[in-house]
Amino acid sequence: MLIFAHRGASGYEVENTLAAMEKALSINVQAIELDVYNIEGELFVFHDRRLETKTTGRGVTHLASKDELSKVTIQQHSIPTLWQVMTLIRGRCIVNIELKGYHTAEPLVAVYPKLISELNFTAEQLLISSFNQPYLSLVKQHLPHARVAPILTGVPLHYAESVTALDAYSIHVDLHFVTHEMVQDAHQRGAKIYVYTVDNPEDIHALKGLGVDGIFSNYPDKAAIVLANCSHDNSHTTSHEKWFG
């Protein structure tokens, strides 16, 4: 199972900041997940729709200017640009870029080739996800070989059907809604299925038994220890179907 450091190592450092990314790299994570907003044509790494929920700023995030964001802090940390974060990581692990805000597909398409040519990433190390499936469709139109992933918060009528429609690499499912049928359907469609956000050891054991391909965790190092123990103790995996309906 692949373990993504959710918004960086956000259990240890302030989420989506350079410090969280540095911490994730220091504990040798396999992958990092982060969120982006389009601010005046440039992608900034931040999660919430409004600034006041986490920062010293106020207002709707995507309506802020670059100048306004430069003066905002999130627990004494600045809000980094995607380029700053990717320059720090520089191909050392997989990065899942979630298109969070409005009009994020176009600037992602523009910067994607530079991430490969200038920052030592490969196409296999870049995963573009979003709840906004038209954005993922736009990415695939411009970058046919890019890996994309729809994010779901419920159980659709036809399970992982969006994987086929988008030619997606993976599908990302809320822990509250992952089911045996969803996992089976994703795999039958040739896609990976990753589950968010998972920190509880019992959940990790059960998800491994269910056959999911990866998880997003705020404590990726602790999750890795739990997974290592799973290979020696299968007692928690026998009831995985009951655990997840």
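A salt bridge is here a side-chain nitrogen of Lys or Arg within 4 Å of a carboxyl oxygen of Asp or Glu. Asp167 and Lys140 meet this criterion, with their closest N and O atoms 3.6 Å apart. The structure is a predicted model, in which local features need pLDDT of at least 70 and side-chain atom pairs count only at pLDDT 80 or more, while totals for chains, interfaces and linings use all residues. Residues are numbered from 1 along each chain as its sequence is written, and side-chain values use heavy atoms, with hydrogens and water left out. Helices (H or I, at least four residues) and strands (E, at least two) are DSSP runs, numbered from the N terminus. Buried means under 20% relative accessible area, exposed over 50%, and partly exposed in between (1.4 Å probe, protein chains only).

**Salt bridges**

- A search of the whole structure gives 10 salt bridges.
- Side chains of opposite charge can pair when their charged atoms come close.
- In the pair of Asp167 and Lys140, Asp167 belongs to the loop between α6 (161-166) and β9 (170-174) and Lys140 to helix α5 (residues 133-142), so the bridge ties together parts 27 residues apart in sequence.
- Asp167 counts as exposed, at 53% relative accessibility, whereas Lys140 is buried, with a relative accessible area of 14%.
- Arg7 and Asp35 join through their side chains in a salt bridge of 3.9 Å, N to O.
- This pair links distant parts of the chain, with Arg7 in the loop between β1 and α1 and Asp35 in strand β2 (residues 31-39), 28 residues apart.
- Arg7 is buried at a relative accessible area of 14%, and Asp35 is buried at 0% relative accessibility.
- A network of salt bridges links Arg7, Glu15, Asp35, Asp48 and Lys54.
- Lys66 and Glu42 form a salt bridge in which the closest N and O atoms are 3.0 Å apart.
- Here too distant parts of the chain are linked: Lys66 is in helix α2 (residues 66-70) and Glu42 in strand β3 (residues 42-45), 24 residues apart.
- Lys66 is partly exposed, with a relative accessible area of 31%, and Glu42 is partly exposed, with 27%.

**Aromatic rings and charges over them**

- Rings of Phe, Tyr and Trp (its six-membered ring) pair if their centres lie within 6.5 Å; planes under 30 degrees apart count as stacked, over 60 as edge-to-face and the rest as tilted.
- Four aromatic pairs are found in a search of the whole structure.
- One of them is the stacked pair of Phe4 and Phe216, at 4.5 Å centre to centre with 20 degrees between the planes.
- Phe4 is in strand β1 (residues 2-6) and Phe216 in strand β11 (residues 214-217), so this pair ties together parts that are 212 residues apart in sequence.
- Tyr12 and Tyr219 form an edge-to-face pair, 5.2 Å centre to centre and with 85 degrees between the planes.
- Tyr12 lies in the loop between β1 and α1 (18-26) and Tyr219 in the loop between β11 and α9 (220-230), so the pair ties together parts 207 residues apart in sequence.
- Tyr12 is partly exposed at 31% relative accessibility, as is Tyr219 at 28%.
- A charge sits over a ring if NZ of Lys or CZ of Arg is within 6 Å of the ring centre and within 35 degrees of the ring normal.
- Lys23 lies over the face of Tyr12, 5.2 Å from the ring centre.
- Arg147 places its charged end over the ring of Tyr169, 4.0 Å from the centre.

**Helix α3**

- Leu82, Val85, Met86 and Ile89 are the buried residues of helix α3 (residues 82-89).
- Viewed down the axis, these residues fall within an arc of 95 degrees, so they line one face of the helix.
- The arc is that of the directions from the helix axis to the C-beta atoms.
- The buried residues of α3 pack against α1, β2, β3, β6 (94-99), α4 (105-119) and β7 (126-130), where contact means heavy atoms within 4.5 Å.
- Arg90 follows α3 and has a positive phi, near 45 degrees.

**Nonpolar cores**

- A nonpolar core is a set of buried Ala, Val, Leu, Ile, Met, Phe, Trp, Tyr and Cys residues joined through side-chain atoms within 4.5 Å.
- The largest core has 63 residues, and Leu82, Ile97, Leu108, Val139 and Leu207 have the most contacts inside it.
- Helix α4 supplies the largest share of this core, seven residues.
- Apart from neighbours within four places in sequence, Leu108 is in contact with Leu43, Leu82, Ile97, Leu99, Ile128 and Val139.
- A second, separate core has 11 residues, including Tyr37, Leu51, Val72 and Ile79.
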